[in-house]
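Dear colleague,

I am handing over the structure below, together with some notes on the charged side chains. Please look through it before reading on.

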Amino acid sequence: MQQRQGIDEIFDPVRKKWLLLSPEEWVRQNLVQFLLISKNYPLSLIAIEKEIKLGELRKRCDIVVYNREMQPWMIIECKEMNVSLSEKTLDQILRYHISLPAKYLIISNGSYSFGFEKTEEQFFEINSFPNF
C-alpha cells in the first residue's frame, strides 16, 4: 500500500499498476495474494476485471483464473466486506458463467467465501479453494 496525494493506493501485481484502494479492491487484491502465495496459482494465468458480453451488455469479472490451455477455470466475484453474499451475488456469477464457462465459481466478501464446482450439469459446494 502507498499514499499518493492523500489517497490510499494498492498495487495490483496482475495489471502491474497502482490502483485506488476501494473496499472492493481491497478484497480483490487480498484474494489475488492468497491465490499467488498460499495456493501457488501462476500469475500469468490470472486476469482481473475480464470483460465479457452478456447479450448486448458488457460486464467485468473480478478475477478469472485460466488453466494451462488458457480456458477459463475459475471465476471469482468480489464484494466489499460490508456487503452480504446473497442469492443476488450468486445469480451474478452464474450469469457470468454463461459467457465464460469455468469449472469453479467463487463469491467472496473478504470475510466469507463460498465456492462451487461444476460437474456434468450441476454445481456442488466446495469447502476450500482448489489446488491449481
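**Salt bridges in the predicted model**

Arg 4 forms a salt bridge with Glu 9, and their closest N and O atoms lie 2.9 Å apart; the term salt bridge is used here for a side-chain nitrogen of Lys or Arg within 4 Å of a carboxyl oxygen of Asp or Glu. This is a predicted model, in which local features need pLDDT of at least 70 and side-chain atom pairs count only at pLDDT 80 or more, while totals for chains, interfaces and linings use all residues. Residues are numbered from 1 along each chain as its sequence is written, and side-chain values use heavy atoms, with hydrogens and water left out.

Within this pair, Glu 9 is buried at 10% relative accessibility, whereas Arg 4 is partly exposed at 44%; buried means under 20% relative accessible area, exposed over 50%, and partly exposed in between (1.4 Å probe, protein chains only).

A second salt bridge joins Arg 60 to Glu 51, with 3.7 Å between the closest N and O atoms. Here Arg 60 is partly exposed, its relative accessible area being 45%, and Glu 51 also counts as partly exposed, at 35%.

Lys 103 and Glu 117 likewise meet through their side chains in a salt bridge, at 3.6 Å from N to O. Lys 103 is partly exposed, with a relative accessible area of 36%.

Beyond these pairs, a network of salt bridges links Asp 12, Arg 15, Glu 24, Glu 25, Arg 28, Glu 49 and Asp 62. The search of the whole structure finds twelve salt bridges.
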